[in-house]
Amino acid sequence: MIVPRTIKGLSILTASISGLVILALGAAAIFISHREIEAQIDHRIELEMDALLEYHASHGTAALAQFVDMRDGGTTGGTGYLAGAGGEGRMMLYALSDAKGNRIAGSLIPRLPPDGWTEFLPIRRPDGSTGKAQALGRSLPDGGQIVVAGDRDALSRADDRILLVALAGLGVILLTGTVSTIALGRLIRRRLVLISGAAQGIIEGDYTRRVPIDGSGSEFDRISMILNAMLGRIETLMLSLRQVSSDIAHDMRTPLGRIRQDMEALMRAAPDEATADRIERTIADMDALLDLFAGLLGISEVQGLAVRKRFILLPFAEIVADIVEAYRPAFDDEGRTITAMLDDVTICGDAQLLKRAIANMLENILVHAGDGANAIITLAVEQGAAVLTVADDGPGIPANGREKIFERLVRLDPTRSKPGHGLGLSMVRAIVHAHQGMIKIVPSSSGLHLAIRLPGVRAG
């Protein structure tokens, strides 16, 4: 059996199992009731038979024939479950034959059955209708036969009524069970959506997100409080880590800046050209360190999400076009092309950060996509979101490196001979997350295709 893995599937499965159980219980109730009522009819027939045999013993066959004709087709009160229920529908039928098998009394039983019990004996009612009856036949001492039958019409009507009540009850229980199960499923789904929303916010870098609590004291509230305590601890640790990283970067930038100034003074006072060249290379390394610390500080600032306070409505197509035109000379100088196909959309964001993200991706193409790699940029609106695709037709990257390129200080060049610190695409991802967007690698046969999806778009 395949167990559903969704709340909707589990709700349907629970309602179905409840319905089957209720249906089985209803069938069992109908069966037991049928057997009980049938037993009461049999008991009534046995009482009638005993009374008739006793009457025959004391009055003879002729008197019994008159008595049978008088009672044939009449109704009787019940015993047991049938007691006090009135006589309607519980018709008693009789037949009497002599030793030669000739009918001498009772006309409503067309065919005399053998001795003993007979189920579903055909009968004819006084109004001309036909039916079935339970019958008991006994031989008389003079060789004749007496038959007593009970019309099963009462049993059939009782079965129909019990079935109707059972079906009505089943429908009510199924309806209430289904509604309550669906309501429970929606409640669980709603609370899980809140929890997953908070988790998604944490994934996107918003460590201030918390799971809502409705104050009911339910299990969900207790889980939410535990999760919020955990999120608070994570936020504290992340803030501390980010603060330590920022403090280290700030503290190191100052002495590095002073060292750079001292190195410049030493280079001007260098006694020979060889010493000056060595000092100049040291200054270049110092500049690379300063750039690295600046990049780390920039990523930490963006991940702090304080930049969202500066967000305004922006013409995204114009921002992309400005960066494309700024980088076009660099592509032209290397004999490459940069093509842009931009739809007019408006988003909410920070223009400088968006320009930096686009510039980092174009810089990545210039440095890492290989000689002669061209750039293709498209901007379109898809399902209420702006989708910016930056692609190149270079050799691309290995499949095992597609997730690593967004990590800090990761460079796929094993020789690390090309310029850069492995922070460009990390900054791009941080900026996209700050804008509540997503960035992913689009599978392609050649080159690297990066797709950025930003929400909150207005067309045109």
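Q: Hi! Is the crossing of H6 and H7 right-handed or left-handed?
A: Right-handed, in this predicted model.

Q: And which residues make that contact?
A: On the H6 side they are Phe316, Ile319, Val320, Asp322, Ile323, Tyr327, Ala330 and Phe331. H7 brings Ala351, Leu354, Lys355, Ile358, Ala359, Leu362, Glu363, Ile365 and Leu366.

Q: What angle do the two helices pack at, and how far apart are their axes?
A: Helix H6 (residues 316–333) and helix H7 (residues 351–368) pack at about 35 degrees, and their axes are 10 Å apart.

Q: Changing topic: what is the phi of Gln383?
A: It is near 55 degrees, which is positive, and the residue is not a glycine. Most residues other than glycine have a negative phi.

Q: Where does Gln383 lie, then?
A: In the loop that links strand E10 (375–382) and strand E11 (385–392).

Q: Buried or exposed?
A: Gln383 has 80% relative accessibility, so it counts as exposed.

Q: What about Gln436, what is its phi?
A: Gln436 also has a positive phi, near 60 degrees. Its loop runs between helix H8 (424–434) and strand E12 (438–441). Gln436 is partly exposed, at a relative accessible area of 47%.

Q: Last one: what pLDDT does the protein average?
A: The average is 79, and 80% of the residues score at least 70.

Q: Where does pLDDT stay under 50?
A: Over residues 78–89, where the model has 21 contacts beyond four places in sequence. Where pLDDT is low, the predicted coordinates should not be read in detail.

Methods: Residues are numbered from 1 along each chain as its sequence is written. This is a predicted model: local features need pLDDT of at least 70, side-chain atom pairs count only at pLDDT 80 or more; totals for chains, interfaces and linings use all residues. Side-chain values use heavy atoms; hydrogens and water are left out. Axes are lines fitted to C-alpha atoms, for helices over the stretch in contact, and angles run from 0 to 180 degrees between N-to-C directions. Helices (H or I, at least four residues) and strands (E, at least two) are DSSP runs, numbered from the N terminus. A crossing is left-handed if the near helix is turned anticlockwise from the far one by less than a right angle, and right-handed if clockwise. Contact means heavy atoms within 4.5 Å. pLDDT is the predictor's confidence in each residue, from 0 to 100. Buried means under 20% relative accessible area, exposed over 50%, partly exposed in between (1.4 Å probe, protein chains only).
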